Amino acid sequence: MNVEVHNILGFRHIPKECINYISKYMTTQYKADVRRATEEAMVFLNKNIQHSSDNLDAWIFDVDDTLLSTVPYYENNNACGEEMPVLLETWMKEAKAPAVEYMVELFHKIKGRGFKILLISSRKEHLTGVTIDNLMKAGYYGWDQLKLRCPADDNYSIKEYKAKQRKKFKEEGYRLCGNIGDQWSSLNGDHYAIRSFKLPNPMYYEA
Ligand SMILES: [Mg+2]
């Protein structure tokens, strides 16, 4: 909690004293919290969005720990204040991340309502092929655009990069009705969606 509210800065690895707490949360309450977020997203869609017929209503999803789960990676590479034995990117290249529970269903429900699905990931562009492969294996298909970070985007923080992508989408005419991600840096910043939904993630923090 102290990391998420910016009391602790420069957080890179899970502190040893938090490991038991995080593993308990991830194996108990986590799924219920994700499910509640997906339910609230649907309540918002049902009550607050008048769907337009011009095919420009859109919903943004983040990728890691929003659509695809990195939990198996962190389980097998227990960070514990040390460098990871296997790099996350090496693991991502295996394209075997499972879907975050309830998210395949939410993705297809929103798509089924006629919303354009826009994916913005902080993964680097050279992972595009394996990311598409992994998303499809996990049950996601039919998105409209998938944005990954190109080398020039390294000049920006993740929050700035994601806001820049949202700006581009708005310039392309999309109405950003909703945005869902596990990091505040996917949701905060300029060019907000009408409503943003935050998924839990006590495993890491990306500014
Ligand atoms: Mg994420």
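Which residues have the most contacts inside the largest nonpolar core? In this predicted model, local features need pLDDT of at least 70 and side-chain atom pairs count only at pLDDT 80 or more, while totals for chains, interfaces and linings use all residues. Residues are numbered from 1 along each chain as its sequence is written. The largest nonpolar core has 32 residues, and those with the most contacts inside it are Ala58 and Leu67. Such a core is a set of buried Ala, Val, Leu, Ile, Met, Phe, Trp, Tyr and Cys residues joined through C-beta atoms within 7 Å, where a residue is buried if 20 or more other C-beta atoms, placed from the backbone, lie within 10 Å of its own, exposed if 12 or fewer, and partly exposed in between.

The sheet is described next, with helices (H or I, at least four residues) and strands (E, at least two) taken as DSSP runs numbered from the N terminus. An open sheet is formed by 5 strands in the order 3-2-1-4-5, with parallel pairing, two strands being paired if DSSP finds at least two bridges between them. Strand 3 (145-149) and strand 5 (195-198) are the edge strands, each of which pairs on one side only. Strand 2 (residues 116-124) pairs with strand 3 in the parallel sense over 4 bridges, and Lys124 has Arg149 of strand 3 as its bridge partner.

Helix 2 (residues 29-48) packs on this sheet, where it touches strand 4 (175-181) and strand 5, and its direction makes about 170 degrees with that of strand 5; contact here requires C-beta atoms, placed from the backbone, within 7 Å. The axes of helix 2 and helix 5 come within 10 Å and cross at roughly 10 degrees, each axis being a line fitted to C-alpha atoms over the stretch in contact, with angles running from 0 to 180 degrees between N-to-C directions. The two helices, helix 2 and helix 5, are therefore roughly parallel to each other, a term that covers angles under 35 degrees. Their contact is made by Thr38, Ala41, Met42 and Leu45 of helix 2 together with Met103, Leu106, Lys109 and Ile110 of helix 5.

In helix 6, the residues Thr131, Asn134, Leu135 and Ala138 are buried. They lie on the same side of helix 6 because they cover an arc of only 100 degrees around the axis, the arc being that of the directions from the helix axis to the C-beta atoms. The face turned away from this buried side carries the exposed residues Gly129 and Met136.

Conventions:
Contact = placed C-beta atoms within 7 Å. Parallel < 35°, antiparallel > 145°, perpendicular 65-115°, else oblique.
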